[in-house]
Amino acid sequence: MNTFLPPAGLRDFDARPALYQTWHTTMAELFSGVKFTDAGQDIRPAFYSPLTPPSRANPATATPTWNGYPKILTELYPGNVLTGSAGIDEPTTFGTRDGERVTFRPFLDAHGKPLPTQQYRAQDEYLEWAVQRDSGGKALEILLTCEGPEYWSTIASDPNFLQQMYQAIVGIPVPQADLFFNQTCTWVDLNSSDANGNPVNRPFAVGDYNPYNSWNLKFAVHLTHPANQLGAEVNLAAAASLRFTRQKAPVLTNPALTCCQGIGEPNRSSDPNIAAQVNSLAMASNFVTLRNPVGLYLLSIDGSRFQYPDGKPIIDITRYFQPLRQSSDGSMIVRAALRVPAGETYNGRPLLLSQLQLDHQPIQFGGQVAAAITMGLFAQALPGAPAQSATECALKPCPDPNFPSVIIPTDVNTPCRAPHTAALVDALADTAPGARASLTMKGRTRVRIR
Amino acid sequence: MSVDSDLEPLLALDDIQGNILGGFNKDHQGMLALKMPDSMPIPQAKQWLSTLAPEITALRPVHMFRQGRRHALQTEGIERLDMASIWKAIAFSYPALTRLTVDSNQFTSASFRGGLAQSSQMLGDPVTEGTAGSPSTWIVGGERNAADVFCIIASDNPDLVRQELQRLTDSARTAGFEVVYCEIGHDLSFYDGNDERKGHEQFGFKDGISQPAVRGRVDEVTFFADRTEPVPDDPSEPTYALPGQALVAVGSFVLGYAKQNPSFGSLPDLPDPLAPAPNAVAPSWARNGSFLVFRRLNQDVPAFNRFVSTQAAALALSATPAERLAALFVGRWKSGAPLARVPAADDPNLGRCAPANNAFLYNSCLAARDGFQDSTPDFSGNQCPIVAHIRKVNPRDLPTDQGGANETLPHRILRRGIPFGPPLRDGALEDRGREPRGLLFLSYQRSIEDGFEFLANRWMNSPTKPQLLLGIGEGFDMLVGSNPQDADRQRSCIMPATGAGNRLPTKGLHSSDWVYPSGGGYFFAPSLTALRDVIAK
């Protein structure tokens with residue numbers, strides 16, 4: 001295997017073999033683009049490309065896993081998945097505050113005016129979903145994806161093929177023009193930074209692929225959240241292979257590890273867990289990498305949490321949970337649907353998805369289902385990595401004074417502001433229902449090592 | 001002393017029930033489950049409860065007794081038993097509280113409202129009606145025999161428990177309650193006087209060693225839990241009371257206090273709001289109360305012993321193979337000595353010695369300075385398998401699917417169980433008596449969903465969590481986990497300590513689980529004030 005394979009080893013490119021090479025180049029650039037410097041000096045991480053292993057030994061595999069439901073919502077709406085899910089089920093316009101209380105920059109047209117049609121899904125655990133509803137708003141089908149936008153950008157290099165792929169997924173004709181920008185625009189990507197550490201300004205021309213097109217938004221064809229990218233996965237794993245210290249003491253655990261150099265979002269389930277597992281391997285003198293094919297995968301759904309309308313258990317969730325795009329052995333799912341087969345009845349009456357229950361609550365939102373899904377990726381380790389020089393932490397985790405469990409990465413020399421729990425509870429008692437969620441979460445800090 | 005009063009609140013020693021934070025820890029404990037028939041007049045029920053209310057034991061006497069006993073042990077070298085004391089605890093089902101109070105609909109917990117039987121499938125119990133373990137076979141807690149009121153009567157004197165249980169049963173019946181279940185659990189040493197069995201469960205393992213240390217103070221200057229470990233400079237690090245024993249906010253177990261912060265080990269998180277606060281999870285009178293989970297778990301000891309002896313032989317384990325395989329399933333040797341400290345062979349001295357028997361971590365070094373071999377980092381589970389029961393339910397400092405070590409702490413529970421039924425001899429492969437035996441599992445927590453249900457559903461019953469080393473998963477908790485996903489309920493695991501890739505399927509050796517429920521219930525254990533002034537009033 002001397003090329004990067006498509007995620008899950010998908011065979012889409014059999015119809016366009018040249019795209020296999022395009023994809024390989026895309027991934028190879030992601031891996032070769034990982035550079036680490038400390039005080040201007042290159043430092044050598046234990047990270048390697050899976051195509052050029054440092055030894056011929058059989059690598060060990062580690063699989064960081066995480067829950068598909070955004071962890072930040074468990075902090076903002078503790079114990080209330082329904083309320084948390086309701087706020088993120090529909091796409092959010094860039095430039096407005098999303099259900100996770102975060103605002104990304106708006107897309108701007110040639111005149112600098114915000115584009116309201118540019119939307120994304122505020123679902124940030126590398127799993128996104130779109131709910132198909134009937135005219136009364138009842139959930140009929142939940143489509144889930146963890147396909148990276150980079151893969152679909154590769155497909156988009158062949159517009160006809162892109163159109164075919166979209167049509168194959170959504171099942172109805174898709175006008176090709178809908179998938180591409182019809183005007184120039186720009187977007188400042190806060191999740192990426194240039195060599196000087198500034199956010200990257202991304203220009204889009206007429207005819208460029210629009211990852212946030214209406215078909216993707218409606219049918220969850222691939223990931224849209226600005227942080228949900230394969231590139232982020234590679235960067236995170238690479239950065240996590242470094243040896244971090246604070247005042248020369250090793251930093252091995254979260255949230256300090258993820259905050260240390262801003263290698264991921266500490267308020268997620270995914271990033272800290274990936275960072276911790278990869279870092280554990282690297283600190284045990286292993287070289288580490290991501291397994292080829294590199295991807296983010298839907299590993300499993302917890303069927304024991306689903307019930308029929310009368311509360312009786314659903315014994316076999318595979319009747320309703322259907323992987324739609326996956327590896328040939330089924331171990332790497334990148335697209336799936338939760339739906340009731342046509343014509344199915346229960347106790348003599350037509351059965352609808354919205355009548356099925358999850359944790360004894362009727363299914364209304366995709367977020368409920370995400371909470372029953374385990375995501376994961378595959379890291380690999382080879383023994384024999386040399387000792388690394390230490391990277392001293394620039395940031396430390398501090399609590400948001402308003403949300404004591406929400407982490408704000410803070411300069412190591414700045415004291416944390418302690419939360420005043422009792423005072424806050426008193427304040428909450430004087431506010432309207434839902435007040436906890438309406439309090440402002442401080443902006444997220446993200447520093448990328450280059 | 002300067003302490004954060006949110007993190008280390010003054011505990012309501014005279015209001016919180018003693019079994020919640022203190023733990024009765026008595027050798028004989030009677031369980032009494034009562035049903036309030038639909039026809040039962042509520043004033044009649046309240047009358048009986050108001051008589052019982054003053055008898056319910058608060059935290060103060062339990063705490064004082066423990067301090068006194070330890071003092072006697074230190075100064076006189078004897079373990080003083082207060083044979084005469086009887087301690088009692090009480091808890092109520094959701095349906096009972098909705099009849100006894102006007103505002104119990106403010107309890108938002110879906111699991112508490114629905115009851116244990118409703119959660120049974122999610123917990124991995126057999127679902128086919130009539131199958132052992134399914135709610136239809138339960139002797140308490142099923143559709144027809146769910147308990148409304150649950151009482152625990154504890155003493156060091158078994159006769160006192162028997163007498164008191166009889167008295168309460170009689171008076172409850174007279175008041176109009178239906179007695180659906182009544183049973184006494186005994187420490188296993190009771191049956192044959194063998195002190196080696198003391199504190200052990202039916203498979204032979206010392207139980208209840210690892211409990212979270214509860215934060216909070218009993219007075220201005222005294223912490224509730226013993227502490228020897230330093231407080232880390234970084235508030236995001238977990239804090240330990242004793243080596244290996246993490247401190248957990250009291251709000252993780254009792255409502256009304258700051259909860260364990262899932263991101264910062266030594267900072268408080270907001271308490272669950274109580275009415276009239278917005279988004280309240282419970283009525284205002286739920287303060288100082290806790291949710292109680294009761295599971296009557298049958299243990300098929302011969303099946304377990306047959307499995308470990310057969311499989312150990314097949315795996316050609318060295319020296320005492322069955323004992324070793326059983327220890328790998330548990331994460332401890334039968335004495336209680338943790339594999340993390342003594343992976344090669346049991347060390348009964350370590351097993352007996354607290355807190356040394358709990359002084360270990362999985363992912364980093366811990367210098368315990370107690371004369372025993374220290375644990376070393378074991379991320380890959382070569383010493384203590386990833387699937388070992390004690391590692392599944394408490395992964396300590398390991399990263400998990402939930403995140404870092406701090407994320408594990410909000411899921412800790414306070415276990416208060418006691419065995420039932422006479423034990424078999426160690427290693428018995430047959431049971432001619434057919435008398436049921438097992439564990440009366442009891443746990444207190446602030447949330448049934450985040451506590452007991454989380455541990456059972458997300459971790460014990462998952463082949464891939466909390467720690468997934470290989471893509472296929474290391475397997476199930478072979479001790480008490482179950483596999484509801486497959487029709488044959490087959491559980492398997494990988495035992496790296498016995499050679500890479502050795503899988504241990506249960507299929508073909510034993511067709512059902514060797515631990516299965518035969519009853520239980522979800523309850524709320526109110527404060528003494530709430531019991532007296534709201535529920536019984």
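Tutor: The second largest cavity holds about 100 Å³ of space. On a 1 Å grid over the protein atoms alone, a cavity is a set of points where a 1.4 Å probe fits but cannot get out; grid points are joined across faces, edges and corners, and the volume is the space filled by probe spheres set on the points. This is a predicted model, in which local features need pLDDT of at least 70, side-chain atom pairs count only at pLDDT 80 or more, and totals for chains, interfaces and linings use all residues. Residues are numbered from 1 along each chain as its sequence is written, chains are lettered from A and ligands numbered from 1 in the order in which they are written, and side-chain values use heavy atoms, leaving out hydrogens and water.

Among the residues lining the second largest cavity are B:Pro238, B:Tyr240, B:Asn394, B:Arg396, B:Asp397 and B:Arg412; a lining residue has an atom within 4 Å of a point. The lining divides into 6 nonpolar, 3 polar and 3 charged residues. Here Ala, Val, Leu, Ile, Met, Phe, Trp, Tyr, Cys and Pro count as nonpolar, Asp, Glu, Lys and Arg as charged, and the others, Gly among them, as polar. Over the whole structure, the search finds 6 cavities of 30 Å³ or more.

The lining also includes B:Ala405, B:Thr408 and B:Leu409. In the numbering of chain B, B:Glu407 belongs to a salt bridge with A:Lys71, at 2.7 Å from N to O. A salt bridge is a side-chain nitrogen of Lys or Arg within 4 Å of a carboxyl oxygen of Asp or Glu. The interface of chain A and chain B has 2 salt bridges. Helix α11 (residues 421–429) of chain A gives the largest share of the side of chain A that touches chain B, 6 residues; helices (H or I, at least four residues) and strands (E, at least two) are DSSP runs, numbered from the N terminus. Contact, meaning heavy atoms within 4.5 Å, takes 54 residues from chain A and 39 residues from chain B. The two chains bury about 3,700 Å² between them, 53% of it on carbon and sulfur atoms; buried area is the accessible area (1.4 Å probe) that two parts lose on being put together, summed over both.

Elsewhere in chain B, a cis peptide bond joins B:Ala275 and B:Pro276, with omega about 15°. B:Pro276 sits in the loop between β11 (268–269) and β12 (290–299) of chain B. B:Asn279 lies in the loop between β11 and β12 of chain B, and its phi is near 55°, a positive value in a residue other than glycine.

Methods: On a 1 Å grid over the protein atoms alone, a cavity is a set of points where a 1.4 Å probe fits but cannot get out, and a pocket is an open set with protein on both sides within 12 Å along at least five of seven lines; lining residues have an atom within 4 Å of a point.
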